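Thanks for coming, everyone. Please have a look at it first.

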Amino acid sequence: MFESLQQNLSSALRSLTGRGILTEANMREGLRQVQMALLEADVSLPVVKDFMATIGQAAVGERILKSLNPTQQLTYVVHQELINLMGPVDHSLHFRGEVSVLMLCGLQGSGKTTTCGKLGRLIKTRGRQPLLVAADLQRPAAIQQLQVLGEQLGIPVYADLNAKDPVTLCQAAVRQAKAQGANTVILDTAGRLHVDAELMDQLTQIDRRIGPDQVYLVVDAMTGQDAVNSAKAFNEALELDGVIMTKLDGDARGGAALSVKAVTGVPIKFVGTGEHLDSIEEFHPDRMAGRILGMGDVVTLVEQAQEKFDKEEMEKQQARLQKGQFTLVDFKKMLGQVGKLGPLQKVMGMIPGMGSLTQMMGDTDAEGEMTRLVGIIDSMTPAERENPTKVIDPSRRRRIAAGAGVQPHEINELVKQFDGMAGIMKKMASMGIMERMKTVRQLQQGGMLNPSARLQSKGDTGKRLTKQERDKLKKKKEREERKKKREDRDKKNKPDDKNKPDDKNKPDDKDKPNDK
């Protein structure tokens with residue numbers, strides 16, 4: 001979502017590097033580019049003005065202009081103000097009493113019912129016993145959807161297809177929760193296509209009669225400033241405790257995430273980052289600011305890895321690496337573990353220094369590439385996976401290619417890439433996490449990582465050209481050769497000076513016949 005904003009902000013900050021001494025004039029020019037980046041990201045205009053006023057005073061101050069690295073100082077100021085803009089955030093759900101009630105509200109299409117299931121799963125992993133309540137009586141499909149989600153997650157759902165009054169249904173649900181031992185009730189209330197008096201009146205009645213401990217508004221990040229306007233209207237009616245922003249993995253410009261806290265005073269507490277039921281995260285302003293400025297988000301990446309990786313399998317792999325053992329079987333298992341974290345480009349964007357590589361990858365199908373590699377490995381015999389360099393000969397290469405549905409030269413490429421990776425993995429096994437990240441950055445700078453995220457087995461040989469780049473380079477060479485041939489031919493045919501006609505024998509203009 002923040003790709004465009006990240007690129008524009010990085011470009012604005014990079015424009016200040018290499019200028020020698022920074023003056024107030026060129027610093028203000030850089031700040032104008034920062035302002036344009038925020039406006040193009042659909043950040044609210046009043047928010048942009050306040051934001052620029054704050055960083056403007058700090059940016060042209062004597063401390064930054066006379067610092068050894070003014071660009072880094074300015075980046076620090078922008079990073080800090082982005083954190084202040086989106087935070088602070090209280091991540092506690094404030095469970096209290098015998099039964100805690102969480103109320104979700106929002107417009108239709110914002111992902112409210114799915115978020116209800118995601119939140120229920122999250123609460124369940126924290127040791128609570130949730131009960132989902134289908135209180136959206138306007139849309140029968142929402143009731144059925146919540147029942148399906150509850151069945152998938154193993155969470156009970158309270159629903160009454162004959163109910164007419166949502167307030168009465170919610171009261172009955174709280175009683176049911178006490179009876180069956182559930183300690184957290186999540187209300188999925190009705191939505192509308194737009195904010196109207198009837199919707200607000202119904203939600204106000206539930207709020208007053210049920211008295212939920214927390215009220216969360218679910219907004220769609222793809223709607224831009226409409227999400228901010230909706231949050232403002234709902235907050236005036238209900239006094240929201242937080243916002244849950246969905247579809248943060250989409251291609252919207254991200255201005256809503258930067259604007260909602262400043263406009264409404266209500267912080268974003270959770271964000272939806274995908275369609276799967278585990279794709280919900282706590283919103284951390286400092287981590288999000290790091291992502292926006294291309295600094296990565298290692299903390300979130302480590303948390304996801306701890307949650308989703310098979311700890312026992314990872315310990316086995318670590319032990320094998322420390323013994324100097326790394327085969328294609330280990331490589332396949334490693335690909336499977338990485339795939340659990342989500343799209344590869346998203347994972348790389350969370351690693352400091354790797355953001356530029358995701359831009360180089362462009363539309364590369366990284367997941368398809370990983371599937372292709374797994375298919376090739378699956379077509380090998382156990383002996384071939386253990387020692388591909390020595391065992392795989394041309395005959396075996398053709399057999400593996402036929403089984404995987406690829407060309408024989410692709411098997412050769414995989415083996416070469418694996419050779420380069422095996423040495424690096426064995427070397428990194430004894431390193432700490434900071435040393436590993438430093439090694440990855442050195443590989444990127446040295447050209448070992450190419451745009452399609454493959455490892456080259458050779459040393460620093462530069463970037464591998466794509467087919468289009470090779471064709472373009474070939475055409476350029478052909479044009480240069482043709483031009484050189486023409487110049488040589490013209491040189492041969494050009495008459496010598498001694499064979500040129502004498503200018504003295506040329507008739508003067510006055511000797512020319514008069515056309516008149």
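**A core residue, a helix and the whole chain**

Start at Leu187. Leaving aside residues up to four places away in sequence, Leu187 touches Val101, Leu102, Met103, Leu104, Val133, Cys170, Ile206 and Ile210. Keep in mind that this is a predicted model.

Now widen the view. Leu187 is among the residues with the most contacts inside the largest nonpolar core. Leu38, Leu82, Val133, Phe234, Met245 and Leu258 are listed with it. That core has 74 residues. Where do they come from? At least three are drawn from each of domain 1 (2-86) and domain 2 (100-292).

Next, helix α6, residues 112-125. Is it enclosed or open? Of its 14 residues, 11 are buried, so α6 is largely enclosed by the rest of the structure. The buried ones include Lys112, Lys118 and Arg121. Gly117, Leu119 and Ile123 are buried too.

Check the length of α6. At 1.5 Å a residue, its 14 residues should span 20 Å. The C-alpha atoms at its ends are 20 Å apart, which agrees. Just after α6 comes Gly127, with a positive phi of about 90 degrees.

Last, the whole protein. What is its secondary structure? It comes to 24 helices and eight strands. There are 516 residues, and 46% of them are buried. Take the contacts between residues at least 6 apart in sequence: 72% join residues at least 24 apart. The accessible surface is about 28,100 Å². Carbon and sulfur atoms account for 49% of that surface.

Terms used: Residues are numbered from 1 along each chain as its sequence is written. This is a predicted model: local features need pLDDT of at least 70, side-chain atom pairs count only at pLDDT 80 or more; totals for chains, interfaces and linings use all residues. Side-chain values use heavy atoms; hydrogens and water are left out. A nonpolar core is a set of buried Ala, Val, Leu, Ile, Met, Phe, Trp, Tyr and Cys residues joined through side-chain atoms within 4.5 Å. Buried means under 20% relative accessible area, exposed over 50%, partly exposed in between (1.4 Å probe, protein chains only). Domain bounds come from an automatic or database domain assignment. Contact means heavy atoms within 4.5 Å. Helices (H or I, at least four residues) and strands (E, at least two) are DSSP runs, numbered from the N terminus. The expected span of a helix is 1.5 Å times one less than its number of residues. Accessible areas come from the Shrake-Rupley method with a 1.4 Å probe; for residues, only the protein chains shown count as cover.
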